[in-house]
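I opened this notebook to record what I looked up in the model, one topic at a time. The entries below follow the order in which I went through it.

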Amino acid sequence: MNQHFPATAEIPVDTTERPEEVVRLTALKRRFGVTPALDGVSLTVRKGEILGIIGRSGAGKSTLIRCLNGLERPDSGQVFIEGREISRLGEHELQPLRRRIGMIFQHFNLLSAKTVEDNVALPLKIEGRPRAERLARAAELLELVGLSEKAKAYPASLSGGQKQRVGIARALAARPALLLSDEATSALDPETTRSILALLKDINRQLGLTILLITHEMEVIRSIADRVAVIDAGRIVEEGPVWSVFADPKSAITQSLLGAIRPQLPAEIASRLTHGAGTEAILKIDVAGEAARGPLLSDLAAAVPGSFRLVHGGIDHVQRQPVGTLFLAVPGNDANHLTRVIAFLKAREARVEVLGHVANPV
Amino acid sequence: MSPILFELLLRSIWETILMTGASGFISLVFGLPLGLALVATDRGGIAESLGVNRVLGAVVNGFRSVPFIILLVALIPVTRLIVGTSIGTWAAIVPLSIAATPYYARVAEVSLREVDHGLIEAARAMGGNRWTIIREVLVPEALPGIVAGFTVTLVTLIGASAMAGAIGAGGLGDLAIRYGYQRFETSVMIAVVIVLIILVCGIQWAGDRLVARLDRRG
């Protein structure tokens with residue numbers, strides 16, 4: 001657990017309780033030619049949770065998710081699905097197992113020659129269920145994803161968001177134990193992305209479905225994941241509850257991926273920063289947990305007389321935990337004053353970094 | 001045109017339709033599976049087997065590189081084995097089918113290859129086996145192209161059947177050469193050309209209609 005921000009009762013993922021593992025990967029390795037796509041990945045996914053795996057393109061995410069249903073085979077290491085090792089199974093033995101795992105795709109992969117309901121019913125057709133049962137289940141799922149009126153339509157007449165809803169309905173048809181999401185929102189606009197993520201979160205809560213998703217967007221992780229694993233060059237470089245990784249990202253890659261959704265020092269200030277003396281010092285303050293919940297700035301004003309200004313920043317809520325970044329400008333001509341400000345903030349378990357000084361007030 | 005010539009024309013139309021239809025049907029029955037086999041056994045296919053793929057490809061290329069008029073004669077022993085004679089309309093159907101099957105296999109192969117690999121992956125992820133992938137994904141998704149290719153094959157067969165007169169198979173081409181050309185019966189020549197135009201346009205029109213109905217890709 002994170003040392004800066006001790007766990008409180010409100011933290012969603014309770015580490016003392018360990019629900020059963022749906023997926024366990026141990027030391028998974030896979031290389032294509034000389035390039036390792038997976039370089040010793042170990043992970044577990046527990047029943048009912050949403051694990052998000054984030055990484056840049058080429059980091060090994062796709063290879064990783066394909067190892068979970070045997071579309072890709074690891075060179076070494078093990079893949080346990082519901083306790084059963086699957087990485088050495090033959091294609092024939094994998095087929096019934098894959099019916100326990102639903103999968104949704106970036107480009108939806110709906111069959112253009114089949115109606116929406118026949119697309120949704122296809123996993124059941126593969127299972128050999130009678131047509132009446134298949135269509136009843138398809139109708140039920142289309143209602144769940146809000147597309148009942150499109151049952152007889154063909155995928156070409158649907159919008160991207162609707163196509164992905166059909167993809168989700170299809171993935172759920174055979175009542176899987178695990179849902180794999182391969183960049184499911186990467187081809188969608190931001191608004192549609194939000195509605196698809198809300199649907200996935202809903203399904204996770206309503207059906208208790210375990211979800212493993214891969215993405216290159218931190219926003220996706222922020223909105224729905226319980227835990228996050230950051231993958232880079234085929235290795236998991238960081239892993240933990242989403243709020244704690246957001247509050248205190250350890251690796252450079254995590255920090256850079258987070259950069260897209262965290263407050264950044266405005267460019268016009270950044271360009272004027274110097275490392276010498278100036279009239280104001282610019283501080284970057286990362287807060288989370290208690291530090292972010294309390295009246296930090298008014299307490300600072302009371303404890304350390306002397307002015308400071310809020311330049312930029314904000315507090316976000318991740319998994320109901322406040323996590324934020326603030327940029328303060330503190331009068332810099334009195335070194336003693338600056339030291340006291342920093343000492344006060346550190347006592348409140350905020351992380352403080354002096355970015356530099358600016359000559360004239362901004 | 002005399003009544004006798006008219007009757008000859010009708011018989012020739014029937015012979016051409018019979019030759020084209022029968023060999024077209026046979027090329028569909030054998031060519032589509034052959035096209036599927038070419039796609040499935042290729043690199044990254046659902047039944048990857050490069051050795052088999054190379055052998056199939058070589059056989060297809062071999063038949064396709066022999067000019068039809070030579071194939072017609074060279075296959076006489078095979079024809080005699082299958083239909084009991086090497087002369088007549090039914091005898092022509094054997095070499096026509098053998099020429100059209102690899103042709104259609106290549107045409108179908110092109111359509112099957114264009115099916116998005118993501119769809120095959122989705123079917124595999126659902127737990128589908130190869131047969132499922134062929135039945136639910138490859139063939140239905142490629143169907144517009146498969147039908148359009150079959151239309152092209154039929155039209156090509158009408159042309160090839162003109163040469164079948166060389167083994168006494170009759171048909172419109174044979175009529176045009178023997179009466180229209182060699183006996184200077186211009187009216188026969190014109191009639192044959194008109195009938196051929198109608199046949200080809202009819203097949204193309206029907207094929208295009210069917211493709212438009214099958215194509216759901218929007």
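**Entry 1: the two chains**

I began with chain B and read its elements from the N terminus on, which run α-α-α-α-α-α-α-α-α. That comes to nine helices and zero strands in chain B, where helices (H or I, at least four residues) and strands (E, at least two) are DSSP runs numbered from the N terminus. I noted that this is a predicted model, in which local features need pLDDT of at least 70 and side-chain atom pairs count only at pLDDT 80 or more, while totals for chains, interfaces and linings use all residues. Residues are numbered from 1 along each chain as its sequence is written, and chains are lettered from A and ligands numbered from 1 in the order in which they are written.

The C-alpha trace of chain A spans about 80 × 45 × 40 Å along its principal axes, and that of chain B spans about 65 × 40 × 25 Å.

I then looked up burial, for which a residue is buried if 20 or more other C-beta atoms lie within 10 Å of its own, exposed if 12 or fewer, and partly exposed in between, with C-beta atoms placed from the backbone. Buried residues make up 41% of the 362 residues in chain A, and 44% of the 218 residues of chain B count as buried.

Next came contacts, meaning pairs of residues whose C-beta atoms, placed from the backbone, lie within 7 Å. Of the contacts in chain A between residues at least 6 apart in sequence, 70% join residues at least 24 apart; the corresponding share in chain B is 71%.

**Entry 2: confidence**

I checked pLDDT, the predictor's confidence in each residue, from 0 to 100. Chain A has a mean pLDDT of 90, and 94% of its residues reach 70 or more. Over residues 1–11 of chain A, however, pLDDT stays under 50, and the model has 18 contacts for them beyond four places in sequence.

**Entry 3: where the chains touch**

How many residues does the contact take from chain A and from chain B? I found 19 residues from chain A and 19 residues from chain B. On the side of chain A that touches chain B, helix 2 (91–98), strand 6 (101–105) and helix 3 (116–127) each supply at least two residues. The residues of that side divide into 11 nonpolar, six polar and two charged, where Ala, Val, Leu, Ile, Met, Phe, Trp, Tyr, Cys and Pro count as nonpolar, Asp, Glu, Lys and Arg as charged, and the others, Gly among them, as polar.

I also looked at helix 6 (residues 117–125) of chain B, whose buried residues are Leu119(B), Ile120(B), Ala122(B), Ala123(B), Arg124(B) and Ala125(B). Their cover includes helix 2 and strand 6 of chain A together with helix 7 of chain B. After helix 6 of chain B comes Gly127(B), with a positive phi near 95°.

**Entry 4: two helices of chain B**

The axes of helix 5 of chain B and helix 7 (residues 130–161) of chain B come within 8 Å and cross at roughly 145°; axes are lines fitted to C-alpha atoms, for helices over the stretch in contact, and angles run from 0 to 180 degrees between N-to-C directions. The residues of this contact divide into 16 nonpolar, six polar and no charged.

**Entry 5: two single residues**

Is Thr132(B) buried or partly exposed? Thr132(B) lies in helix 7 of chain B, and I recorded it as partly exposed because 19 other C-beta atoms are within 10 Å. Leaving aside neighbours within four places in sequence, Thr132(B) is in contact with Ile126(A) and Ala123(B).

Gly180(B), found in helix 8 (residues 172–181) of chain B, counts as partly exposed because it has 19 C-beta neighbours inside 10 Å. With neighbours within four places in sequence left aside, the contacts of Gly180(B) are Glu185(B), Thr186(B), Val188(B), Met189(B) and Val192(B). The C-alpha atoms of Gly180(B) and Val192(B), 12 residues apart along the chain, are separated by 8.6 Å.

Definitions and conventions: Two residues are in contact if their C-beta atoms, placed from the backbone, lie within 7 Å.
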